[in-house]
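I opened a new page for this one and wanted to see how its pieces pack together. Here are my notes, in the order I made them.

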Amino acid sequence: MAAVALRSCRRGLSQILNNGGLAALSSKRLEEPRRHKSSVQYASRPDLPKLAYRRVKGKSLGVVFLPGYGSNMNGQKAEALEEFCRSLGHSYLRFDYTGHGASGGVLSEGTIGTWKKDVLFVLDELAEGPQILVGSSIGGWLMLLAAIARPEKTAALVGISTAADHVVTAFNSLPLETRKEFEAKGEWTIPTKHMEEGVYKFSMDFLREAENHCVLQSPIPITCPVRLIHGLKDEDVPWHISMQVAERVLSSDVDVILRRHGQHRMSDKDDIKLMVYTIDDLIDKLTTMV
C-alpha cells in the first residue's frame, strides 16, 4: 500500500496558505519580469493530425503540462508553469491534444486512447530526458497512462483535480433507466460551465473505448514520486478520486494535498502558487537525489 500523506502544510507550504506567497525562493522566481512566451510549433505525424506545442529548451528535469478535456495549452496554469520553468532554466513543454486548441483533428472524434498516443508522441519525440508530468483533470488520467507506458521518461507526477476513470465510473453510477436513455440517444450530455456549449458531450463509443484505459480497478504500476492536488469544492471531479489513485499507485512517495476551498480548475492565484511550489519541491528533491 502506498504511503499517503494528507498535507495541509509542507516545507514552507504554510506560507502559501497563510501569507499568500511561496517559499522565498519560488516567490522571487514568480516575481521576475514576464518574458516573451514561447512560439507555437507544429509536429507532423504520419497518418495522424498535427500537434501544436510550445517548448522552452533548458536543463533536465523537464516539465510537461497535460491540459484537461476541452481545454488547451494557453490556460493560466500552463502559462504560469512556463514562466516558472524559464526562471529555473529547466525545459518545459505544453501542447494541445488532437481536436483541441491549435492541433488538428476534431474533438468529438477523440478518445482516451487518441490522447494517450498524443502524450506518448510528445514524450518520445519532443521531450528530452526525464520529465515531471503535470496533468489537469483528464490530463491527470493521461499522465498515469503515460507513466505506466514510459516509466523511463517519467521522473514524477503532479495531478491537479485528477480525473482517472471518471467518465466511465460516473456514467456507470447513473440509474439503469437513465443509462438506457443516453444509450438510445448514443450520447451522454453533462451540464458544465467549462464549455461554451454549456455541456460535455460523450458518445457511447467514447465511453466504451475509455473502459480500456481504466486504472483504478487494480494496483497502478507507478513507482516515481506522485503529488495529487484536489479541491474539496470540485463539482466536476470528486476529490476522493485522488485518494483512490494515491491508494493504488505502488510508489512509496505519494502526497495528497486537499484544498478546502479549491474548485475544479484550481486556477486561483494561491492554487497556482501551490502547484508551482509543489513542482519546485520535486525538482529540488529529485536533483538532490541525482
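I began with two helices, α3 and α10, and found them oblique to each other, because their angle is neither under 35 degrees (roughly parallel), nor over 145 (roughly antiparallel), nor 65 to 115 (roughly perpendicular). The angle is about 40 degrees, and the axes, lines fitted to C-alpha atoms over the stretch in contact, lie 10 Å apart. α3 covers residues 76–88 and α10 covers residues 269–289.

Before going on, I noted that this is a predicted model, where local features need pLDDT of at least 70 and side-chain atom pairs count only at 80 or more, while totals for chains, interfaces and linings use all residues. Residues are numbered from 1 along each chain, and side-chain values use heavy atoms, without hydrogens and water.

Which residues of α3 meet α10? I listed Gln76, Lys77, Ala80, Leu81, Phe84 and Leu88, which meet Ile272, Met275, Val276, Ile279, Asp280 and Ile283 in α10 (contact means heavy atoms within 4.5 Å).

Next I looked up the cores, sets of buried Ala, Val, Leu, Ile, Met, Phe, Trp, Tyr and Cys residues joined through side-chain atoms within 4.5 Å. The largest nonpolar core has 58 residues, and Leu157 and Ile222 are among those touching the most other members. Apart from it lies another core of 28 residues, including Ala80, Leu81 and Met275. Those three had already turned up in my list of residues where α3 and α10 meet.

Last, the whole chain: 55% of its 290 residues count as buried (under 20% relative accessible area, with a 1.4 Å probe and protein chains only).

Definitions and conventions: Buried < 20%, exposed > 50% of the residue type's maximum accessible area, 1.4 Å probe, protein only. Axes fitted to C-alpha atoms, helices over the stretch in contact; angles between N-to-C directions. Helix = DSSP H or I, 4+ residues; strand = E, 2+ residues; numbered from the N terminus.
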